[in-house]
Amino acid sequence: METAKTIEALNSLIVINNDRIEGYKTAATEARETDLKQLFADLSQTSIECRKELIAEVNKLGGTPDEGTRTSGKFFRVWMDVKAALTGNDRKAILDSCEYGEDAALETYKKVLIQDHVNTDTREQVMLNKQYALLKSDHDKVKRLRDSIAEAN
């Protein structure tokens, strides 16, 4: 296991959590309904907690935690702003955008858990699997809410 590769893998997860936090701040700002504002605050909180654990691990390994977001994350936030403005804060459209971001987060975790697993030790894998489960639960909440809106129409 190479420490530099471990730090790089963990930093990719820090960045995706940063993307989620920023994306859900945007979504909460755009949402008019209290239930959506609360949902987005909850989803953001999941990433805040995950990011704290990841930062602690990167620091423990002697690395520098990444503080940025991905370019695609920035595009995601801009796209959400535009889509929300164009659709007049349509709940289904906003949730569609959120699910797209959730899919990206899960894919990043899968990559680290599957492809980069040789760069993480057992303790780190347990932490990452726990975080993946939290994000998967968040994804499923968004999907269920979005699907319930689609079924109602």
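Trainee: Which residue does Asp 138 form a salt bridge with?
Mentor: Arg 20. This is a predicted model, and in it the closest N and O atoms of Asp 138 and Arg 20 are 3.0 Å apart.

Trainee: Where in the chain do Asp 138 and Arg 20 sit?
Mentor: Asp 138 is in helix α5, residues 122-152, and Arg 20 is in helix α1, residues 3-30.

Trainee: Are Asp 138 and Arg 20 buried or exposed?
Mentor: Both Asp 138 and Arg 20 are buried.

Trainee: How many salt bridges are there in the whole structure?
Mentor: A search of the whole structure gives 16.

Trainee: OK, next one. What does Asp 96 pair with?
Mentor: Asp 96 forms a salt bridge with Lys 92, and the closest N and O atoms are 3.0 Å apart. Both residues belong to helix α4, residues 91-114. They are four residues apart, about one turn of the helix.

Trainee: And why does Asp 96 count as partly exposed?
Mentor: Because its relative accessibility is 26%, and partly exposed covers the range between under 20% for buried and over 50% for exposed. Lys 92 is also partly exposed, with a relative accessible area of 29%.

Trainee: What about Glu 99, which side chain does it meet?
Mentor: The side chain of Arg 146, in a salt bridge at 2.2 Å, N to O. Glu 99 is in helix α4 and Arg 146 in helix α5, 47 residues apart, so this pair links distant parts of the chain.

Trainee: Is that pair buried or exposed?
Mentor: Glu 99 and Arg 146 are both buried.

Trainee: Which residues are linked with these in a network of salt bridges?
Mentor: The network is made up of Lys 92, Asp 96, Glu 99, Lys 143, Arg 146 and Asp 147.

Trainee: Changing topic to helix packing. At what angle do α1 and α2 cross?
Mentor: Roughly 160 degrees, and their axes come within 8 Å. Helix α2 is residues 34-60. That angle makes α1 roughly antiparallel to α2, because angles over 145 degrees count as roughly antiparallel.

Trainee: Is the crossing of α1 and α2 left-handed or right-handed?
Mentor: The crossing is left-handed.

Trainee: How do the residues of the contact of α1 with α2 divide?
Mentor: Into 15 nonpolar, seven polar and four charged.

Technical notes
Residues are numbered from 1 along each chain as its sequence is written. This is a predicted model: local features need pLDDT of at least 70, side-chain atom pairs count only at pLDDT 80 or more; totals for chains, interfaces and linings use all residues. Side-chain values use heavy atoms; hydrogens and water are left out. A salt bridge is a side-chain nitrogen of Lys or Arg within 4 Å of a carboxyl oxygen of Asp or Glu. Helices (H or I, at least four residues) and strands (E, at least two) are DSSP runs, numbered from the N terminus. Buried means under 20% relative accessible area, exposed over 50%, partly exposed in between (1.4 Å probe, protein chains only). Axes are lines fitted to C-alpha atoms, for helices over the stretch in contact, and angles run from 0 to 180 degrees between N-to-C directions. Angles under 35 degrees count as roughly parallel, over 145 as roughly antiparallel, 65 to 115 as roughly perpendicular and the rest as oblique. A crossing is left-handed if the near helix is turned anticlockwise from the far one by less than a right angle, and right-handed if clockwise. Ala, Val, Leu, Ile, Met, Phe, Trp, Tyr, Cys and Pro count as nonpolar, Asp, Glu, Lys and Arg as charged, and the others, Gly among them, as polar.
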